[in-house]
Amino acid sequence: MELMINWLLLIVPFVGFVLGFGVLKRLNNLYYALKLGKKWDELPPGDLSWPLIGSTLSFLKYFTFGPPERFIGEFSRRYGKVGMYKTHIFGKPTIIVCKPELCRQVLTDEAKFIPGYPTTMKTLFGKKSLHAVTKEEHRKLRRLITTPISSHAALEMYIDHIERTVISGLEEWSSMEKPLELLTTIKQLTFKVIWNIFMGSTPIKSTSIREMETFNDDIVLGFFTMPINFPGFSFHKALLARKGLHEILQSILDEKRTVKKSKGENWEAKDMMDLLMEVRDEDGEGFDDETITEMIFSMLFGGQETSAFTSMWAVLFLTDNPHIFQKAKEEQEDIIKRRASTQTGVSLSEIKQMKFLSQVIDETLGLSSIAFATFREATVDAEINGKIIPKGWKVILWLRELYMDEKLHPSPLQFNPSRWDNFIGSPGAFTPFGLGVRMCPGRDLARIEISIFLHYFILNYKVERLNPECQLNYLPISYPTDKCLARVMKAPSKTD
Ligand code: HEM
């Protein structure tokens, strides 16, 4: 009898707890159903789940412990492979879109969809960053950054600096006696490259660069956390880092303004920050300091982390697949053989001839899901594929799923650059750089940077990982939890 009472004491609260949450989930769905009235029936299938939390815990579970595919997999298992699901995530009611054609429709319809990043990312990027501004202001900023980021002349100009940074970086790593964190060192390298493009004309102490790298790391860790600004929480740490980084950017801007004033007519713009100081709209108005520092910050982040993770994954995938490494090496050796004896380094036209390397980069972008999703908000009740995305709801374009679709990319988890040999996908089937007016402005620069890094790595080096079976973490971008502890070693090629 006593045993039965003990069991009841355990079971009754447990059942009450489960039922309580079940009721809460139903109430949450009911709240939105009442709010939307008849429109509710026209929404895609799905579940708003628990109030406030929704499916955020499930997202964090699969993106922390893996496999991340299970997050969308749960939706398609419960509601069918319809490509659009309603849920509640990152504190907002949301429609997740994960079919190429539907993603394309959302990403190319600027009238109905504006950027809709989670609160954490929006706050950390800042309200004046390129990721946040809309319509006219966005168009103006995009026009302004196009020439310095992606014009042919600018890209040719950057090659020399990228090349020098890569050559000296690889040389230094291979001379180290102790193993290094490959991810950390590649991040430092891409930081140097991006720094030079954006603010290179201003001398800066190496301690400030290291400080900025740390700030950058802390900010990134705050992207997908709870927006709790209280000591001990990642978001609080990220906000402090943001403040620190902006103070450094502001001090560089102040210094630049002083130099500009003292040089008067003789001053000329030499980097992106200089150009942003110079620009004027039709009414002669320039950008305020906040706009300039937030623009630079969003590009520092956009340009550094993404290229670094892609380079690291390409090295790991090539190392794990020696026959593909060999094929990539032969292509690079061939480029060198055909080079005129007077030419000293890689040229833009050579990079364009690196067809197989370009496929290695595409395959890496797909397989490692560098940008696993992008975020929008509906400005009106928008109809997509016969379903309604209600005004004010968030939309997550699940780019990761586009690549993982077996029908579009057979055996998607297998590293197979040759799959792109004659690839003709449906519109939006492969969009690692996004689509529409917000398509990544740094995509050519990123490809060049990664190609130059891989060119020198493939020809002259190899890596040996210390923990090849190390677990992965998937946020904000997949990486081995040991940050890829490895030795970088020289590996002579036929061209030596
Ligand atoms: C492998 C490297 C990269 C990947 C995978 C990548 C991916 C993306 C994606 C998917 C978007 C679209 C976001 C959206 O639709 O809201 C984007 C936007 C952006 N990227 Fe990149 N990116 C990379 C490299 C770079 C580089 C090198 C830079 C800068 C030099 C850069 C700067 C930006 C900026 C400023 C935006 C915002 C554009 C806008 O809202 O108009 N990215 N990137």
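**Working through a predicted model**

Isoleucine 197 sits in helix 8, residues 182-199 (helices are DSSP runs of H or I with at least four residues, strands are runs of E with at least two, and both are numbered from the N terminus). This is a predicted model, where local features need pLDDT of at least 70, side-chain atom pairs count only at pLDDT 80 or more, and totals for chains, interfaces and linings use all residues. Residues are numbered from 1 along each chain as its sequence is written, and side-chain values use heavy atoms, with hydrogens and water left out.

**Exercise 1.** Work out whether isoleucine 197 is buried or exposed, and find how far its C-alpha atom is from that of leucine 357.

*Solution.* Start with the cut-offs: buried means under 20% relative accessible area, exposed means over 50%, and partly exposed is in between (1.4 Å probe, protein chains only). Isoleucine 197 has 5% relative accessibility, so it counts as buried. Next, take the two C-alpha atoms: isoleucine 197 and leucine 357 are 160 residues apart along the chain, and 24 Å separates these atoms.

**Exercise 2.** Describe the surroundings of the ligand.

*Solution.* First, list the neighbours. There are 26 residues around the ligand, and His138, Arg142, Thr374, Arg376 and Cys440 come nearest (a residue is near a molecule if one of its heavy atoms lies within 4 Å of it). Cysteine 440 is partly exposed, because its relative accessibility is 25%.

Second, sort the shell by class: it has 14 nonpolar, nine polar and three charged residues. Here Ala, Val, Leu, Ile, Met, Phe, Trp, Tyr, Cys and Pro count as nonpolar, Asp, Glu, Lys and Arg as charged, and the others, Gly among them, as polar.

Third, look for polar contacts, meaning pairs of N or O atoms within 3.5 Å. In the side chain of tyrosine 117, an N or O atom is 2.9 Å from an oxygen atom of the ligand. Arginine 438 also has a side-chain N or O atom 2.9 Å from a ligand oxygen. With glycine 302, a backbone N or O atom lies 3.3 Å from a nitrogen atom of the ligand.

Fourth, ask which elements take part. Those giving two or more residues to the shell are helix 6 (135-150), helix 12 (289-320), strand 5 (374-378) and helix 17 (443-460). Helix 12 gives the most, with five residues.

**Exercise 3.** Count the disulfides, then check cysteine 98.

*Solution.* A disulfide is a covalent bond between the sulfur atoms of two cysteines. The rule used here asks for a pair of cysteine sulfur atoms within 2.5 Å, and the count comes to zero. Cysteine 98 is in no disulfide: its nearest cysteine sulfur, in cysteine 103, is 7.1 Å away. Cysteine 98 has a relative accessible area of 9%, so it is buried.

**Exercise 4.** Track down some backbone features in the loops.

*Solution.* Begin with cis peptide bonds. One runs from glycine 66 to proline 67, with omega near -10°, and proline 67 lies in the loop between helix 2 (56-65) and helix 3 (69-79). Another joins leucine 475 and proline 476, with omega about -10°; proline 476 is in the loop between strand 10 (472-473) and strand 11 (479-480).

Now turn to positive phi in residues other than glycine. Phenylalanine 90 has phi near 50° and lies in the loop between strand 1 (84-89) and strand 2 (92-97). Phenylalanine 90 counts as buried because its relative accessibility is 19%. Serine 411 has phi near 45° and lies in the loop between helix 16 (399-404) and helix 17. At 37% relative accessibility, serine 411 is partly exposed.

How values were computed. Polar contact = N/O pair within 3.5 Å; in protein donor to acceptor, adjacent residues only side chain to side chain.
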